[in-house]
Amino acid sequence: MDLELISFKICPFVQRSVITLLHKAIEHRITYIDLSDTPAWFNEISPFGKVPLLRVDGGTVLFESAVINEFLDDITPPSMHPTDPLQRALNRAWIEFGSECLANQFQILAAKEVDDFEQRRNALTAKMLRLEDMLGDGPYFNGSDLSLADTAYAPLFMRMALLIECGILNRDILGTRLQRWADALLALSAVQESVVSDFKELYLGHLRKMDGHAVSLLGQ
């Protein structure tokens with residue numbers, strides 16, 4: 001099966017699928033595009049004009065990272081989803097929560113005014129407190145087994161680590177259990193290798209181009 005992942009180099013949703021591909025050792029290739037200047041072929045096959053896309057055998061196109069990850073998981077057993085139906089549904093629900101956290105994180109960086117920035121940052125902090133309450137002893141979301149919930153949150157934690165390092169997010173935004181989970185995920189080779197080598201420079205460069213209030217906090 002020929003699998004082509006259409007990617008933008010700093011997109012966290014693409015990274016979710018790359019982590020799954022690497023963890024499950026699925027043969028694939030990645031095609032990078034510039035979302036500020038998308039090629040005509042991409043516009044023709046992307047219903048939302050977003051990445052990731054997964055083109056299967058040069059034809060059928062899947063979109064949305066959660067859907068792509070479910071497909072990748074289905075074709076390469078054993079599954080990264082819990083076997084219990086209720087726990088599996090719960091994982092899917094918290095994956096959606098993770099998507100909202102990523103959106104919130106973007107809103108923080110896009111905020112132009114201090115008040116809006118603080119409001120967005122407080123909203124993400126509140127989400128992290130709620131997520132902390134969901135976690136057990138770890139090291140992963142469901143305990144000892146890596147799941148699709150973990151591949152969904154790793155990109156969030158990678159970006160949060162950079163934003164904490166730069167002084168944009170407060171260091172106490174992650175509680176003890178969340179920090180333990182983040183550390184476990186960021187230590188995985190599949191996570192470390194899921195971004196391009198110059199990811200940090202590209203990400204911070206994109207942040208500067210957004211020219212929000214967050215830029216004034218860099219390095220503080």
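Trainee: Which residue stands opposite Val-61 in E4?
Mentor: Arg-55 does. Keep in mind that this is a predicted model, where local features need pLDDT of at least 70, side-chain atom pairs count only at pLDDT 80 or more, and totals for chains, interfaces and linings use all residues. Residues are numbered from 1 along each chain as its sequence is written, and side-chain values use heavy atoms, with hydrogens and water left out.

Trainee: OK, and how do E3 and strand E4 pair?
Mentor: Antiparallel, over 4 bridges, with E4 covering residues 60-63. Two strands pair if DSSP finds at least two bridges between them. Strands themselves are DSSP E runs of at least two residues, helices are H or I runs of at least four, and both are numbered from the N terminus.

Trainee: What's in the turn between E3 and E4?
Mentor: The two strands form a hairpin with 3 residues between them. Asp-57 sits in that turn and has a positive phi of about 55°.

Trainee: Are the faces of E3 covered or open?
Mentor: Both are covered. Leu-53 and Arg-55 point to one side, Leu-54 and Val-56 to the other, and all of them are buried. Buried means under 20% relative accessible area, exposed over 50%, and partly exposed in between, using a 1.4 Å probe and protein chains only.

Trainee: Switching topic: where is Asn-69?
Mentor: In helix H3, which runs over residues 65-75. Asn-69 is buried, at a relative accessible area of 4%.

Trainee: What does Asn-69 touch?
Mentor: Leaving aside neighbours within four places in sequence, Asn-69 is in contact with Arg-16, Ser-17, Thr-20, Leu-148 and Thr-151. Contact means heavy atoms within 4.5 Å.

Trainee: And how far is Asn-69 from Gly-205?
Mentor: Their C-alpha atoms are separated by 28 Å, and the two residues are 136 apart along the chain.

Trainee: Zooming out, how many helices and strands are there?
Mentor: The protein has 9 helices and 4 strands. Along the sequence the pattern is β-α-β-α-β-β-α-α-α-α-α-α-α.

Trainee: How much of the protein is buried?
Mentor: 47% of its 220 residues.
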